[in-house]
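Hi everyone, thanks for making time this morning. I'd like to walk you through one model, with a few charged side chains as our guide.

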Number of protein chains: 2
Amino acid sequence: ILHCKVEHAIKIYSIYTLNACSWSCCALFVVCAVHCQRFLMSRVGEDWIFLILLGLVMALVSFVMDFCIALLLQAQKWMYGGLDSNVILQYLAWVTYPVVLISFSAGFTHIVAPQAAGSGIPEMKTILRGVVLKEYLTLKTFVAKVVGLTCALGSGLPLGKEGPFVHIASLCAALLCKFMSFFGGIYENESRNIEMLAAACAVGVGCCFAAPIGGVLFSIEVTSTFFAVRNYWRGFFAATFSAFIFRVLAVWNRDEETITALFKTRFRLDFPFDLQELPAFAVIGIASGFGGALFVYLNRLIVQFMRKQKTINKFLMKKRLLYPALVTLLISTLSFPPGFGQFMAGQLTQKETLVSFFDNRTWTKQGMTEDFNYDSHSAAWKHPQANVFVILVIFIVMKFWMSALATTLPVPCGAFMPVFVIGAAFGRLVGESMAAWFPEGINTDGIIYPIVPGGYAVVGAAALSGAVTHTVSTAVIVFELTGQISHILPIMIAVILANAVAQSLQPSIYDSIIRIKKLPYLPELGWGHHEKYNIRVEDIMVRDVRYITLNSTYRDLHEILLIGNLKTVALVESAESMILLGSIERAQLQALLTQHLSRERRLEFIRDRADAERKRVSVVSTPSSEEGGQKVNHEVRFQISTEESSFTPARPISPKPLKPALKRTSTAEKNIEIPTSNITHTHTFTYLWKHFKIEEWEEQQLDEQVNFNSWKIDPAPFQLVERTSLHKTHTIFSLLGLDHAYVTSIGRLIGVVSLRELRKAIEGSMTVKGVKVRPPLASFRDSGTSGTSSESEATELHKLWDRHTSISIPREHQPNTSDSDEKSQ
Amino acid sequence: ILHCKVEHAIKIYSIYTLNACSWSCCALFVVCAVHCQRFLMSRVGEDWIFLILLGLVMALVSFVMDFCIALLLQAQKWMYGGLDSNVILQYLAWVTYPVVLISFSAGFTHIVAPQAAGSGIPEMKTILRGVVLKEYLTLKTFVAKVVGLTCALGSGLPLGKEGPFVHIASLCAALLCKFMSFFGGIYENESRNIEMLAAACAVGVGCCFAAPIGGVLFSIEVTSTFFAVRNYWRGFFAATFSAFIFRVLAVWNRDEETITALFKTRFRLDFPFDLQELPAFAVIGIASGFGGALFVYLNRLIVQFMRKQKTINKFLMKKRLLYPALVTLLISTLSFPPGFGQFMAGQLTQKETLVSFFDNRTWTKQGMTEDFNYDSHSAAWKHPQANVFVILVIFIVMKFWMSALATTLPVPCGAFMPVFVIGAAFGRLVGESMAAWFPEGINTDGIIYPIVPGGYAVVGAAALSGAVTHTVSTAVIVFELTGQISHILPIMIAVILANAVAQSLQPSIYDSIIRIKKLPYLPELGWGHHEKYNIRVEDIMVRDVRYITLNSTYRDLHEILLIGNLKTVALVESAESMILLGSIERAQLQALLTQHLSRERRLEFIRDRADAERKRVSVVSTPSSEEGGQKVNHEVRFQISTEESSFTPARPISPKPLKPALKRTSTAEKNIEIPTSNITHTHTFTYLWKHFKIEEWEEQQLDEQVNFNSWKIDPAPFQLVERTSLHKTHTIFSLLGLDHAYVTSIGRLIGVVSLRELRKAIEGSMTVKGVKVRPPLASFRDSGTSGTSSESEATELHKLWDRHTSISIPREHQPNTSDSDEKSQ
């Protein structure tokens with residue numbers, strides 16, 4: 001090929017170049033280029049190329065999106081500032097702008113890809129668990145998520161960028177994988193794709209906050225159950241590259257002089273905090289733990305409340321954009337700066353708020369002195385009538401429910417950043433209180449080090465976001481965001497305390513959404529649930545297992561396929577011994593059955609029949625033998641085409657694929673008319689006789705024993721012992737990403753456990769601890785706003801969930817309504 | 001119990017207190033105390049109590065050890081400084097002191113616990129893999145490690161504290177577990193102990209460097225293959241607490257004013273580095289990668305060289321302390337400050353060296369100006385004759401081989417810190433070069449920011465230590481050590497590049513030691529070894545599997561037990577079907593056999609016999625029946641006692657437990673004499689007859705079919721399919737910590753794969769890539785210095801390895817010498 005290409009190139013060039021010297025130069029160049037191309041092509045398959053591309057693309061996306069969001073926010077400020085002559089006009093501008101943006105975001109998301117709404121981390125967690133949610137990784141979703149997120153964040157509502165960015169990065173990785181598979185074959189590997197998705201999650205966080213290490217750790221904590229250390233480097237590599245490009249773009253754009261942190265702080269290095277301040281940090285941690293649990297609870301409560309109010313629900317279902325618009329109107333009205341917004345620094349954007357919180361100067365020093373005014377951001381916290389403490393408290397309370405409410409909107413949005421800001425506000429409040437309490441600093445001997453309330457804000461931000469997401473790595477994210485690590489011990493202590501409190505009260509926000517959306521995810525075992533060791537597999541397994549035996553006939557296969565819609569069937573030696581030999585996929589069974597009753601075999605049978613008949617006919621009437629043979633052939637062809645249409649359409653997991661074959665009696669009878677009208681010499685009797693022969697043949701074939709040799713059997717399906725503890729079962733299911741496991745006793749199949757039974761058992765035992773969330777109803781966001789469309793996210797998820805539960809294992813039929821779910825738990 | 005205690009307390013108190021009021025107060029107090037005690041006792045079992053205790057103890061150990069090391073180093077300085085009148089005396093003092101300390105350390109370690117020598121991380125990696133190396137977690141080892149490490153580090157040799165600290169923390173956790181098990185039962189749980197050990201590793205790094213996050217990540221990267229995210233918090237919690245206490249102790253000891261980083265840097269925050277400096281950082285990363293690989297290679301080369309030189313070897317074996325003493329002498333002589341040491345800053349300790357490297361001032365500004373002299377540490381780098389660059393180069397080269405040599409000494413020591421210092425020196429060298437090249441800084445527009453060579457030193461330290469240990473988390477450790485995170489992107493880039501280079505050239509230092517010591521560890525699959533997907537289990541499995549069937553007789557059992565020394569035996573349905581039903585433990589089989597030929601059954605048989613005989617006797621001679629009965633009982637008792645001594649001694653996995661039973665013919669014949677001498681009325685004929693009857697009975701019993709019901713079978717031993725890829729097999733073995741897995745084909749047992757086959761396959765396939773290390777010989781340290789003792793570490797490990805390989809699965813006998821190993825690979 002190389003030679004050909006070169007020759008071809010040489011030919012082309014030789015036409016234009018007459019000079020021999022330049023001719024040879026060009027040829028050399030072409031050879032080099034071809035070599036380079038081949039080399040590059042061979043390297044395209046390597047991981048690092050993929051990771052670099054992913055990092056590059058995501059950094060660009062993040063940068064461009066940030067740029068657009070900043071523009072949108074600036075436009076609002078500009079409008080608000082330009083209309084300062086008339087307060088009503090100002091109010092209208094202030095309110096209309098976000099309402100329009102959010103409505104557009106919700107509408108666009110809904111029309112293009114309803115899956116793009118929400119955070120995306122719960123879905124990624126489910127996908128990385130091994131469940132295929134294909135709709136979530138398409139180009140449409142990518143577009144919807146990017147555009148929707150930009151508009152949503154541009155509206156100024158308390159929404160975050162982190163969760164959606166994890167989803168966007170994963171989408172990007174999935175699309176890149178598809179794109180790269182044009183070049184090489186390894187991109188087909190399933191487990192490799194999962195590894196790449198895990199790396200992509202790290203990239204998402206990394207390029208959102210320019211926090212590579214925190215990104216990797218956060219994505220591990222949030223999405224994985226077991227983490228393969230050998231994939232560690234992928235995340236680090238991609239996230240570092242992405243964060244690097246993201247920050248370099250800022251430098252090139254002259255936003256920054258060099259690469260620094262996103263929310264750079266300037267706390268003093270020599271004496272960051274006094275040892276005696278630690279109790280205050282611990283208090284922040286514990287309070288944040290309770291606050292985080294409350295946030296998760298509130299968020300879920302809002303979703304459930306909107307679901308339960310049937311009248312509101314019905315009304316909102318008709319006008320799907322009304323709910324987002326109303327919520328936005330409410331939040332915007334309350335934060336209107338000349339109105340109530342003056343008591344909660346309404347004019348500041350999220351970023352400005354954070355910068356003001358992380359400021360290393362005290363706001364209350366000597367009771368609001370002149371050095372309070374120099375910064376425009378901090379000035380927002382000064383109010384002639386109200387104390388700074390009052391304003392902070394109002395800010396925290398208002399933002400708390402606003403954030404919980406805003407994150408239920410059906411737009412792409414995350415909860416991390418709003419929570420982060422609230423946490424920073426709480427930390428600042430404690431810090432300012434401490435500064436007011438100890439105006440001279442705490443340390444009594446030697447130099448006076450005043451208290452730095454900004455440090456408290458950093459601690460609070462890490463603690464509250466850690467509590468809501470149940471992660472420790474928010475500490476690392478905070479270090480990378482602020483560019484300072486001097487508060488490491490207070491932050492770690494506060495984050496750990498917050499986690500301890502929050503984890504004992506509520507699930508994380510992502511687990512909560514998983515339950516609300518009923519994603520097929522296995523819940524975590526809590527900390528130190530020792531009763532898990534006492535529940536055995538035999539207590540939870542399903543004993544009525546569908547199986548086939550070595551002596552099964554095709555009819556048994558057929559029945560198995562008709563009854564359950566299971567994904568795999570157990571193969572046992574015999575119904576008496578019940579020794580488990582392996583499992584076989586449904587698709588395999590179906591293919592086997594189809595093949596046994598296949599076109600070829602029918603053809604063969606009919607040809608044999610025809611031969612026999614021809615012989616008979618030739619004996620009876622020799623002259624018409626050729627004509628008769630033609631007719632038979634025609635009929636045979638017809639018969640075949642019927643069979644083809646009913647059997648070959650490749651729907652391997654369609655629930656009732658054999659119905660057409662069984663209804664053949666009626667369809668075949670109808671079809672009889674057609675050949676008779678086509679063929680002039682009608683031998684209806686012969687035809688019917690032949691047809692009954694075919695049926696007879698089929699019955700006979702179905703009664704035959706299944707032929708082993710062409711089967712693809714999984715000879716080692718995962719087996720458990722009846723006395724395996726729930727804890728161990730959970731570990732094994734999580735480790736291996738299992739869907740179901742057979743329970744055996746000395747080789748005998750006695751039951752089966754699927755993800756569903758396990759989930760129930762775990763949630764059942766969690767109720768005892770009071771950790772259990774109410775069996776979650778489908779999110780209001782989903783059904784409330786998209787009831788008129790059959791393509792809504794809720795139904796999508798329900799379908800997925802149904803398919804998931806149904807594919808696992810046959811069990812007693814139970815309707816998949818939320819009510820029955822509620823009962824069963 | 002509570003009531004009783006209270007009553008008892010009340011009684012005691014009522015004697016002393018006559019006043020009714022004080023009496024009731026006291027009673028209340030006692031009740032409260034008892035309640036508290038009960039509450040505490042019930043809480044002792046919880047994880048966090050354990051983790052707090054662990055953190056506390058380790059922080060204390062680390063602090064005290066640091067204190068002692070500092071004292072020891074100060075003593076050397078004081079001696080050296082006091083003898084400045086005479087250079088020869090000074091030299092003697094300078095050299096003798098470390099020689100004595102290292103010799104003592106080596107001797108003490110050898111006598112108390114030879115397992116304490118070396119880093120300990122490789123052993124912990126093996127233990128966390130699931131292999132039991134019990135000798136490594138005893139109190140003796142703890143003492144030897146702590147004392148030996150203190151002396152070794154006090155000598156001033158380039159040795160590190162990190163690796164041994166991981167081991168010490170694990171020892172501490174193991175001992176605490178034992179101690180705590182007095183209070184509650186959960187400390188018995190195997191998997192829980194492993195989780196605790198993993199947390200302990202994090203604590204070890206955390207309290208060594210006061211780096212909780214880096215500690216957790218480093219310990220994960222270094223010791224784990226798959227990490228359960230749900231155990232994450234344990235590590236963070238314990239490491240944070242430990243680091244906190246460690247730094248608080250320093251504050252209380254008035255070493256520090258407040259909690260800060262260990263090697264605090266003071267780089268400027270606004271403009272940490274220029275974008276154009278990044279290529280220099282990348283160069284540091286790549287060079288560090290090569291340097292790290294070279295270090296690992298050099299370290300292994302030294303060990304192998306000392307092993308191969310038979311003459312040196314023999315001489316050194318006799319004088320076990322000679323090798324450490326000679327090495328110490330060499331290193332001390334070369335670093336003698338008035339001698340060659342003046343060209344390599346010999347008078348600085350490791351800590352002082354690091355502080356001088358991380359200094360944020362340039363050494364070469366305007367060619368050694370006056371502001372170079374203000375710091376005593378930096379002054380060491382100034383030499384009247386030599387350039388600072390020359391001195392740095394000499395330092396790097398000398399320290400490089402010195403560290404590689406010193407870490408082969410048989411004392412508790414790690415390689416992390418020496419490598420860290422060398423990396424810092426290299427970074428400083430590059431930084432100083434850059435500063436000399438661009439004296440005005442690189443940035444052309446606006447303010448001039450001079451180059452900070454200290455930042456380069458930080459980058460170099462992280463990169464080289466990352467390359468040697470194959471970890472990315474050294475970056476995080478560096479942030480926590482220096483208390484600054486502003487150089488995050490250069491550090492991440494350099495560390496990732498260094499890792500990429502080093503991992504493609506050499507294994508990590510820990511993997512290298514694992515191979516040298518031949519620890520039973522499964523090697524990692526490298527990056528992107530796609531050929532792993534092509535090797536199948538059927539290529540590597542052992543086809544000759546020992547098994548028992550459902551129809552097996554006790555004789556078969558007996559033979560199986562005699563032939564192989566396997567740990568578990570496969571149970572198949574029959575020799576024809578070969579359907580795998582499960583596996584059964586060797587101990588179970590043995591117990592089963594013992595029970596079948598047990599005392600009770602023998603007794604019963606003999607009693608039956610006796611009854612029969614008695615009847616016979618009573619028919620023949622009625623008066624002597626009672627006497628005969630007595631005698632028979634006596635004999636029976638004797639027979640039983642023999643059986644007891646040969647069967648009951650609980651050595652369940654002793655290789656040939658049934659020998660006594662088979663040799664019974666001879667032993668029994670010998671034993672016949674004894675009863676005859678004891679019993680006056682000798683009926684030798686009767687006895688012999690009865691004895692033969694017993695033998696006959698035994699033979700008959702052995703031919704009986706095994707009775708199923710009392711078996712404890714593992715009905716689901718791990719199974720693989722013959723077409724499972726090596727990659728998947730490796731993953732499954734690592735995930736589940738398997739020792740062996742059966743290979744089945746449609747339920748039929750066709751082979752078995754153990755850790756050993758897998759290891760061979762992976763190492764074999766690694767040769768292709770050139771990554772493979774020569775099959776490592778036993779460490780010189782082990783056999784060279786401990787040849788005269790049978791209790792040496794090398795033999796211990798060999799035994800372990802032998803047992804490990806032998807317990808897995810029966811296979812063709814192969815001698816476990818290193819030569820055959822070399823051949824087989």
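Let's start with a question: does Glu123(A) count as buried or exposed? Glu123(A) counts as buried, at 1% relative accessibility. Buried here means under 20% relative accessible area, exposed means over 50%, and partly exposed is in between, with a 1.4 Å probe and protein chains only.

Some housekeeping: this is a predicted model, where local features need pLDDT of at least 70, side-chain atom pairs count only at pLDDT 80 or more, and totals for chains, interfaces and linings use all residues. Residues are numbered from 1 along each chain as its sequence is written, chains are lettered from A and ligands numbered from 1 in the order in which they are written, and side-chain values use heavy atoms, leaving out hydrogens and water.

Back to Glu123(A): its side chain meets that of Lys517(A) in a salt bridge, at 2.6 Å from N to O. The pair links distant parts of the chain, 394 residues apart, with Lys517(A) in helix H21 (residues 509-517) and Glu123(A) in helix H5 (residues 121-128) of chain A. Helices here are DSSP runs of H or I with at least four residues, numbered from the N terminus. Lys517(A) is buried as well, at 6% relative accessibility.

How many salt bridges does the structure hold over all chains? There are 12, each defined as a side-chain nitrogen of Lys or Arg within 4 Å of a carboxyl oxygen of Asp or Glu.

Over in chain B, Glu352(B) and Lys77(B) form one at 2.9 Å, N to O. This pair joins helix H14 (residues 350-357) to helix H3 (residues 47-82) of chain B, 275 residues apart. Glu352(B) is buried at 19%, while Lys77(B) is partly exposed at 33%.

Now, how do the chains relate? A rotation of 180° with 0.1 Å of shift along its axis superposes chain B on chain A, with an RMSD of 0.3 Å. The two copies are therefore related as by a two-fold rotation axis. Of the residues of chain B, Phe227(B) comes closest to the axis, its C-alpha at 2.6 Å.

Last stop, the surface: Lys310(A) is exposed, with a relative accessible area of 60%, and lies in helix H12 (residues 310-318) of chain A. Together with Lys314(A), Lys318(A) and Lys319(A), Lys310(A) forms a positive surface patch. Patch residues have over 30% relative accessible area and no salt bridge, with like charges joined within 9 Å.

Terms used. Patch = residues over 30% accessible without salt bridge, like charges linked within 9 Å, V, L, I, M, F, W, Y side chains within 5 Å. Areas by Shrake-Rupley, 256 points an atom, 1.4 Å probe, with all protein chains shown as cover. Lys, Arg positive; Asp, Glu negative; His and termini not counted. Charge placed at Lys NZ, Arg CZ, Asp CG, Glu CD. Helix = DSSP H or I, 4+ residues; strand = E, 2+ residues; numbered from the N terminus. Least-squares fit on C-alpha atoms with pLDDT ≥ 70 in both.
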